[in-house]
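User: I am new to this structure and would like to learn how to read it. Could you walk me through it step by step?

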Amino acid sequence: MLWRVSEGTELKMNIIEVVAALIVRGDRLLVCQRKKDGSWPLKWEFPGGKVEEGESHEEALIRELKEELGIDAYDLREIFRHQQPYPGAATVNLRFYKVGAFSGAVRNLVFEDIAWLSFSELSRVDFLEGDLPLVKRLVSPAGRKLLS
């Protein structure tokens with residue numbers, strides 16, 4: 001995508017493909033806190049990350065969950081997507097997947113912290129801006145239906 005800044009000048013907009021997982025245990029969702037010395041320090045997010053060259057979105061999410069949490073994810077179903085501009089940085093195309101099953105024990109391998117939160121607790125957490133549209137849906141009365 002190109003943006004025309006002024007006559008004869010074009011600026012290429014940086015677009016990043018990102019995937020994230022909704023992992024449910026009982027009536028709780030797994031959320032992860034970014035490191036204090038990284039980008040968007042101490043913000044909360046759903047686990048996942050950037051899609052690398054040559055990967056499908058599902059392959060990227062499976063890889064990220066192995067790297068970040070030490071689990072092998074299966075039965076992925078896309079439940080939500082949107083585009084989030086981060087002015088001065090990039091525009092992020094986000095895809096959120098419900099993880100139907102996984103093997104292995106969830107371990108914190110890269111985050112400041114991880115937590116299993118109820119749907120009502122999600123609105124009290126300082127999420128990344130890109131996760132907020134989904135969080136708003138999840139905390140609504142019909143939120144759990146999104147994951148069924």
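**Reading the model**

Analyst: Let's start inside: the largest nonpolar core has 23 residues, and those with the most contacts inside it are L22, L29, F46, F96, L122, F127 and L138. A nonpolar core is a set of buried Ala, Val, Leu, Ile, Met, Phe, Trp, Tyr and Cys residues joined through side-chain atoms within 4.5 Å. Buried means under 20% relative accessible area, exposed over 50%, and partly exposed in between (1.4 Å probe, protein chains only). This is a predicted model, where local features need pLDDT of at least 70 and side-chain atom pairs count only at pLDDT 80 or more, while totals for chains, interfaces and linings use all residues. Residues are numbered from 1 along each chain as its sequence is written, and side-chain values use heavy atoms, leaving out hydrogens and water.

User: Which elements give two or more residues to this core?

Analyst: In soluble globular proteins, nonpolar side chains tend to be buried together. Here β3, β5, β8, β9 and α2 (132–138) each give two or more residues to the core. Helices (H or I, at least four residues) and strands (E, at least two) are DSSP runs, numbered from the N terminus. Apart from this core lies another, of 15 residues, including A21, L30, A60 and W116.

User: What does F127 contact, leaving aside neighbours within four places in sequence?

Analyst: Contact means heavy atoms within 4.5 Å. With those neighbours set aside, F127 meets V31, K43, W44, E45, F46, L122, L132 and V135.

User: How do I read a helix, and which residues of α1 are buried?

Analyst: An α-helix has 3.6 residues a turn, so residues three or four places apart point the same way. Helix α1 (residues 57–69) has 13 residues and reaches 18 Å from its first C-alpha to its last, close to the 18 Å expected at 1.5 Å a residue; that expected span is 1.5 Å times one less than the number of residues. Its buried residues are H57, A60, L61, R63, E64, L65, E68 and L69. They pack against β3 (15–22), β5 (28–33), β7 (48–50), β8 (72–86), β9 (90–103) and β10 (113–118).

User: Is V19 buried or exposed?

Analyst: V19, in strand β3, is buried, with a relative accessible area of 1%. Not counting residues up to four places away in sequence, V19 touches P47, G48, G49, V51, H57, A60, L61, R95 and Y97.

User: How do I read a pocket, and what volume does the largest one have?

Analyst: Rolling a probe the size of a water molecule over the atoms shows where empty space is left. The largest pocket has a volume of about 490 Å³. Of the 24 residues lining this pocket, the closest to its centre are V18, R34, E45, G49 and K50. On a 1 Å grid over the protein atoms alone, a pocket is an open set of points where a 1.4 Å probe fits, with protein on both sides within 12 Å along at least five of seven lines; lining residues have an atom within 4 Å of a point. Grid points are joined across faces, edges and corners, and the volume is the space filled by probe spheres set on the points. β3 gives the most to the lining, with four residues.

User: What is the phi of L42?

Analyst: Most residues other than glycine have a negative phi. L42 has a positive phi of about 65° although it is not a glycine, and L42 lies in the loop between β5 and β6 (44–45). D75 likewise has a positive phi, about 50°, without being a glycine. D75 lies in strand β8 and counts as exposed, at 57% relative accessibility.
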